[in-house]
Amino acid sequence: MTPEDAKSRFMLASVNSIYTWIGKYVSQSESLSLQPQTSDEMANKSKDDQIRELKAALKQAQKKAELEELRAKAYDKMITLAEESFNIPIRKKSGTRQSYYLPHKDNDFSENALEPLIVEKAREYRKSNPGLGCAKLYIIIKKMFEETG
């Protein structure tokens, strides 16, 4: 598609806008692209050249990281402004169903300590009463732990 076709298709005022966008975004993408080099190419270059290239690659990576951080801040600001202006909650709240049903990590120690004890008591009751159902076994063990604390 030529710039003139794009101008007519997207109803732009002038072709200069397209050329400005091309100059702005094509140069940005080219400056950010990291070209993979083989170890043979690096071995043939002098140490100073290698250091210069690595420094340039590091600068490009830092620039890319800064742009990504800026993009994340812009999205965050956009969501904040949308929430304020339209009075609609967009961000996920902490009390959602999904977070409610996820296992909580603060009780791990007590659960890990009690589980082997509960299993042991259940096996003891099953040995002495092989026909004992799950519901009755649950009630017996629950009462036992309530009494002992």
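**Reading the helices, bridges and core**

Guide: Let's begin with R71, which counts as partly exposed because its relative accessibility is 40%. Keep in mind that this is a predicted model.

Visitor: Which residue does R71 form a salt bridge with?
Guide: For a salt bridge, look for a Lys or Arg side-chain nitrogen within 4 Å of an Asp or Glu carboxyl oxygen. Here R71 pairs with E68, and their closest N and O atoms are 2.3 Å apart. The two sit three residues apart in helix α4, so about one helical turn separates them. E68 is partly exposed too, at 40% relative accessibility.

Visitor: How many salt bridges does the structure hold?
Guide: Four. Another one joins the side chains of R52 and D49, at 2.7 Å from N to O. That pair also lies in helix α4, three residues apart, about one turn of the helix. R52 is exposed, with a relative accessible area of 54%, while D49 is partly exposed at 31%.

Visitor: Which residues make up the largest nonpolar core?
Guide: To read a core, look for buried nonpolar residues joined through side-chain atoms. This one has six: A122, L132, L137, I141, M144 and F145. Helix α7, residues 134-148, gives the most to this core, with four residues.

Visitor: Is E83 buried or exposed?
Guide: Buried means under 20% relative accessible area. E83 has 18%, so E83 is buried. E83 is found in helix α4, residues 47-86, and its side chain reaches the backbone nitrogen of I90 at 3.0 Å.

Visitor: Which residues make the nonpolar surface patch?
Guide: Y19, I22 and V26 make a patch of about 260 Å². Y19 is in helix α2, residues 16-32, and is partly exposed at 45% relative accessibility.

Visitor: And the whole protein: how many helices and strands are there?
Guide: Seven helices and zero strands. Of the 149 residues, 10% count as buried. The accessible surface comes to about 13200 Å², with 58% of that belonging to carbon and sulfur atoms.

How values were computed. Residues are numbered from 1 along each chain as its sequence is written. This is a predicted model: local features need pLDDT of at least 70, side-chain atom pairs count only at pLDDT 80 or more; totals for chains, interfaces and linings use all residues. Side-chain values use heavy atoms; hydrogens and water are left out. Patches are made of residues with over 30% relative accessible area and no salt bridge: like charges are joined within 9 Å, nonpolar side chains (Val, Leu, Ile, Met, Phe, Trp, Tyr) within 5 Å. Accessible areas come from the Shrake-Rupley method with a 1.4 Å probe; for residues, only the protein chains shown count as cover. Buried means under 20% relative accessible area, exposed over 50%, partly exposed in between (1.4 Å probe, protein chains only). A nonpolar core is a set of buried Ala, Val, Leu, Ile, Met, Phe, Trp, Tyr and Cys residues joined through side-chain atoms within 4.5 Å. A polar contact is a pair of N or O atoms within 3.5 Å; within protein, one must be able to donate a hydrogen and the other to accept it, and residues adjacent in sequence count only if both atoms are side-chain atoms.
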